Amino acid sequence: MIQQYTEADRKRLSELKELVFKSGFADIGFIDSMGRPSIRRVFCTWHRGLKAHLISTNTSSLHVQELMKNEKACLYFENSSQFKGLCLSGKVIVHHEPEYKELLWEEGNEKYYPQGVTDEDYCVLEFVADSGRYYMSLGKGDLTAEELEDGATEFKQYQA
């Protein structure tokens with residue numbers, strides 16, 4: 001069934017996309033091996049609509065090690081000066097495939113990954129949302145899986 005959105009729905013989704021695309025950073029939440037919630041700030045500029053997001057990071061980092069054991073996570077985007085926030089819930093897929101690593105590789109990354117794009121300590125996290133909760137000028141509420149699926153088929157990079 002095709003969802004029929006009102007003008008208010010379209011405006012709300014557009015404002016949320018703008019928040020995500022302009023953020024540059026996000027906070028990824030996960031559960032550690034002791035069952036405690038934990039959070040890390042990550043660069044997050046690659047998005048496929050509101051549904052999926054790519055993050056380059058170190059395979060050896062605590063959050064990646066824990067996410068390989070428990071894929072459940074949340075991703076929080078915010079603009080604190082405008083008191084806007086979006087918390088997406090979903091799962092993380094850890095990618096070591098060259099196509100993901102090459103897509104996110106940037107000049108200067110050698111500083112962190114001396115062996116280059118093939119460095120074993122370099123990986124890409126793909127966060128896939130299944131729901132969300134937002135707070136912004138247009139109100140607060142929940143996002144459904146259907147609202148997150150906006151037809152975007154490719155990851156695009158957005159610079160803050």
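Author: On a 1 Å grid over the protein atoms alone, a pocket is an open set of points where a 1.4 Å probe fits, with protein on both sides within 12 Å along at least five of seven lines; its lining residues have an atom within 4 Å of a point. Grid points are joined across faces, edges and corners, and the volume is the space filled by probe spheres set on the points. This is a predicted model, in which local features need pLDDT of at least 70 and side-chain atom pairs count only at pLDDT 80 or more, while totals for chains, interfaces and linings use all residues. Residues are numbered from 1 along each chain as its sequence is written, and side-chain values use heavy atoms, with hydrogens and water left out.

The largest pocket has a volume of about 480 Å³. Its lining has 21 residues, and Phe 43, Ser 56, Glu 106, Asn 109 and Tyr 112 lie nearest its centre. Two or more lining residues come from each of strand E2 (37-44) and strand E4 (52-58); strands (E, at least two residues) are DSSP runs numbered from the N terminus, as are helices (H or I, at least four). E4 gives the largest share, five residues. By type, the lining of the largest pocket holds 10 nonpolar, nine polar and two charged residues. Here Ala, Val, Leu, Ile, Met, Phe, Trp, Tyr, Cys and Pro count as nonpolar, Asp, Glu, Lys and Arg as charged, and the others, Gly among them, as polar.

The second largest pocket holds about 150 Å³ of space. Among its 11 lining residues, Tyr 5, Leu 13, Lys 17, Glu 147 and Asp 150 lie nearest the centre. Helix H1 (7-23) and helix H4 (145-148) each supply at least two, and H1 provides the largest share, four residues. This lining divides into three nonpolar, two polar and six charged residues.
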